[in-house]
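Biologist: I would like to go through this model and hear the grounds for each label. Please show it first.

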Amino acid sequence: MSVPRYQTVPGILASKVEEEIILMSMEDDAYITLNPVASRIWELLESPRTLEELVALLMEEFEVGEEDCQRDVRDFLEDMSNRRLIREVEAV
Amino acid sequence: MNYYIYTFSGLKIICAWQLDFIEQSDDYSGESYVSIVCSETSNFLTDLNRNSTDFLFFEGQCVILDFENIGRFRISPNCIVLDRAPNVCLHEAEPYVLGSALGVLLMLRGDFFMHGSTIFFDNHGVMFSGHSGAGKSTTVAWLMQQGWRLVADDVSRLHWPESGAPLVYPGLPHVKLWEDTATALGHDPEKMPRLFQRWNKHKLEVSPEEMAEPAPLSAIFILQPEDIEKPVVEPIHGAERFLQLAPHIYRAEFIKQLGKEKEHFQFCSRLAAAVQVFRLRRPTRGFDLAAVEEVVMETLAGLPEA
């Protein structure tokens, strides 16, 4: 079974203030602010990554258990995909 | 035809009539002029369907900004054409020309005025922003009495050097004060020119010695009147800083209509990343300006050297 990889949608306006990223969703006409962990995920998704890759990288940088991290990353990917801010790219 | 040259907020202005607020400039350098003219024949219509007092609409490539009882401004990125309402003199229109009309012109260029008053003291350029009535001009007028120098009242335009903090260009040499505020600060409103016919706002004139050069911006205080006893300063960090600055663009209500959301996002992002921002909660009643000054000074003392 192939594993999906995710990446940020090109052309989304993003900026960083201190450790937090702000995104502009033209579709919803809204700003979306990301906490430091979510901001890091956004940065990592500038290259295509699988869920497992993201979890492994985040666990190196933040003090978080694998189970919590998996759940949070999965929720984030789902939410951001629904808002069309990230998308699935070619599978590995 | 006569024309007059001015420098205002870093803009070169060539105007078809003599402006009241600014001294003529003898600096003809630079190229990005804004021309301001008055239409020869009045086409002013009064049969528009209005849903607010002043509003904006498109006519071909131009934007029309309409002020009831003042006139209509036809605005493109380099030019403002004023079409006056009957019996309106040019001086009455001047605050609108140098305020809202120029604000819209800047937006067409992807630039913005911050809705804030900037003042300079001890190497710090400090902007007080906030909604109308938050106390921007009042705070600035008080601080000027304590020896601070004015950079710009009400609207502040930024210049971005290649590195470091943005600078604020000098604005008009006056501070706009309500009559009761002027009185409370020890001025005599009778001796101060009135700025608008419809509002009781007066012009506190500022001498060239009391004006500062373009000033590097160290901090922005967002004034917030609240039901509290004493003023409090709270630093704003991260994404919240962006969110707090975004509404305080001058005439922000026009950004969407002009399709400048992207430029607005970039402007606020850049500013939020470059400048320290604080919320200055101050008592709604009994606006104790000395106490405000004290918390501002304490905050500035904690900033890195400009």
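Biologist: How many salt bridges does the rule count over all chains?

Modeller: The count comes to 18 salt bridges over all chains. Keep in mind that this is a predicted model.

Biologist: Why is helix 2 of chain A called oblique to helix 3 of chain A?

Modeller: The axes of helix 2 (residues 51-61) and helix 3 (residues 66-82) of chain A come within 10 Å and cross at roughly 125°. Roughly perpendicular ends at 115 degrees and roughly antiparallel starts over 145, so helix 2 of chain A is oblique to helix 3 of chain A. The crossing of these two helices is right-handed.

Biologist: Which residues make that contact?

Modeller: Helix 2 of chain A contributes residues including A:Leu51, A:Leu54 and A:Leu58, and helix 3 of chain A residues including A:Cys69, A:Val73 and A:Leu77. By class, the contact has 8 nonpolar, 1 polar and 3 charged residues.

Biologist: Why is helix 2 of chain B called roughly perpendicular to helix 6 of chain B?

Modeller: Helix 2 (residues 136-145) and helix 6 (residues 289-301) of chain B pack at about 80°, with their axes 10 Å apart. The range for that label is 65 to 115 degrees, so helix 2 of chain B counts as roughly perpendicular to helix 6 of chain B. Among the contact residues are B:Trp142 of helix 2 of chain B and B:Val292 of helix 6 of chain B.

Biologist: What area do chain B and chain A bury between them?

Modeller: About 1,200 Å², with 71% of it on carbon and sulfur atoms. In chain B, B:Gly238, B:Ala239 and B:Phe265 lose the most area to chain A, together 41% of what that side buries. The contact takes 17 residues from chain B and 13 residues from chain A.

Biologist: How do you know that A:Glu18 and B:Arg241 meet in a salt bridge?

Modeller: Their N to O distance is 3.1 Å, and the cut-off is 4 Å, so the label applies. The rule finds 2 salt bridges across the interface of chain B and chain A.

Notes: Residues numbered from 1 in each chain as written. Chains lettered and ligands numbered in written order. Predicted model: local features only at pLDDT ≥ 70, side-chain atom pairs only at ≥ 80, totals over all residues. Heavy atoms only, no water. Axes fitted to C-alpha atoms, helices over the stretch in contact; angles between N-to-C directions. Helix = DSSP H or I, 4+ residues; strand = E, 2+ residues; numbered from the N terminus. Parallel < 35°, antiparallel > 145°, perpendicular 65-115°, else oblique. Left-handed = near helix turned anticlockwise from the far one by under 90°. Contact = heavy atoms within 4.5 Å. Nonpolar A, V, L, I, M, F, W, Y, C, P; charged D, E, K, R; others polar. Buried area = accessible area lost by both parts, 1.4 Å probe. Salt bridge = Lys/Arg side-chain N within 4 Å of Asp/Glu carboxyl O.
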